[in-house]
Amino acid sequence: QVQLVESGGGLVQPGGSLRLSCAASGSIFRINAMGWYRQAPGKERELVARMETGGSTNYAESVMGRFTISRDNAKNTVYLQMNSLKPEDTAVYLCNALIKGRSWSPAMDYWGKGTLVTVSS
């Protein structure tokens with residue numbers, strides 16, 4: 001089994017910064033992709049940022065230039081540096097990873113439990 005554990009959420013003032021971390025553990029042969037989604041109250045879950053094994057990235061237009069995703073492949077960890085935070089960034093941020101548990105098994109989608117980010121003065 002695979003577990004994703006997020007950390008780094010909290011309360012921050014508008015214009016502030018936070019850094020989220022997500023560590024994958026368990027039966028891991030290869031991580032194909034890792035990323036972050038968010039879900040605000042009453043809204044659908046949306047992609048924030050995603051990074052493939054090769055390093056290519058994909059960002060939501062609303063966070064471009066403010067958020068940066070990075071990975072430490074040796075630690076099976078993905079980070080999300082969030083700068084210039086706005087109240088509309090308030091949401092539960094969920095880590096997502098596409099992981100092969102064995103060389104012969106298909107890649108499966110895994111989710112963390114989420115970490116709350118609140119941007120408010």
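Asn76 counts as partly exposed because its relative accessibility is 23%. Asn76 sits in the loop between E7 and strand E8 (77–82). Strands (E, at least two residues) and helices (H or I, at least four) are DSSP runs, numbered from the N terminus. The phi angle of Asn76 is near 50°, a positive value in a residue other than glycine.

This is a predicted model: local features need pLDDT of at least 70, side-chain atom pairs count only at pLDDT 80 or more, and totals for chains, interfaces and linings use all residues. Residues are numbered from 1 along each chain as its sequence is written, and side-chain values use heavy atoms, with hydrogens and water left out.

**Loop residues**

Ser84 also has a positive phi, about 50°, although it is not a glycine. Arg45 is another loop residue. The table gives the place and accessibility of each.

| Residue | Loop | Relative accessibility |
|---|---|---|
| Asn76 | between E7 and E8 (77–82) | 23% |
| Ser84 | between E8 and E9 (91–100) | 42% |
| Arg45 | between E4 (30–39) and E5 (46–52) | 39% |

What does Arg45 contact beyond its neighbours within four places in sequence? Its partners are Tyr37, Arg38, Gln39, Leu94 and Trp111. Contact means heavy atoms within 4.5 Å. Arg45 and Leu94 are 49 residues apart in sequence, and their C-alpha atoms are 9.2 Å apart in space.

Arg71 lies in strand E7 (residues 67–72). Arg71 is buried, yet it has no salt bridge. A salt bridge is a side-chain nitrogen of Lys or Arg within 4 Å of a carboxyl oxygen of Asp or Glu. Which side chain of opposite charge is nearest to Arg71? It is Glu52, 6.4 Å away. For charge, Lys and Arg count as positive and Asp and Glu as negative; His and the chain ends are not counted.

Arg71 does have polar partners. Its side chain makes a polar contact of 3.1 Å with the side chain of Asn73. A polar atom of the Arg71 side chain also lies 3.4 Å from the backbone oxygen of Ile31. A polar contact is a pair of N or O atoms within 3.5 Å; within protein, one must be able to donate a hydrogen and the other to accept it, and residues adjacent in sequence count only if both atoms are side-chain atoms. Beyond four places in sequence, Arg71 touches several residues, including Met34, Met51, Glu52 and Thr77.

Thr77 belongs to strand E8. Thr77 is buried, with a relative accessible area of 8%. A polar atom of its side chain lies 2.9 Å from the backbone oxygen of Lys75. Not counting residues up to four places away, Thr77 touches Cys22, Ala23, Met34, Ser70, Arg71 and Asp72.

**The whole protein**

The protein has 0 helices and 11 strands. Of its 121 residues, 43% count as buried. Among contacts with a separation of 6 or more, 56% join residues 24 or more positions apart. The C-alpha atoms fill a box of roughly 50 × 25 × 25 Å along the principal axes. The radius of gyration is 14 Å, which agrees with the value near 14 Å for a compact globule of 121 residues. This radius is taken over C-alpha atoms, and the globule rule is 2.2 Å times the number of residues to the power 0.38.

Key. Buried means under 20% relative accessible area, exposed over 50%, partly exposed in between (1.4 Å probe, protein chains only).
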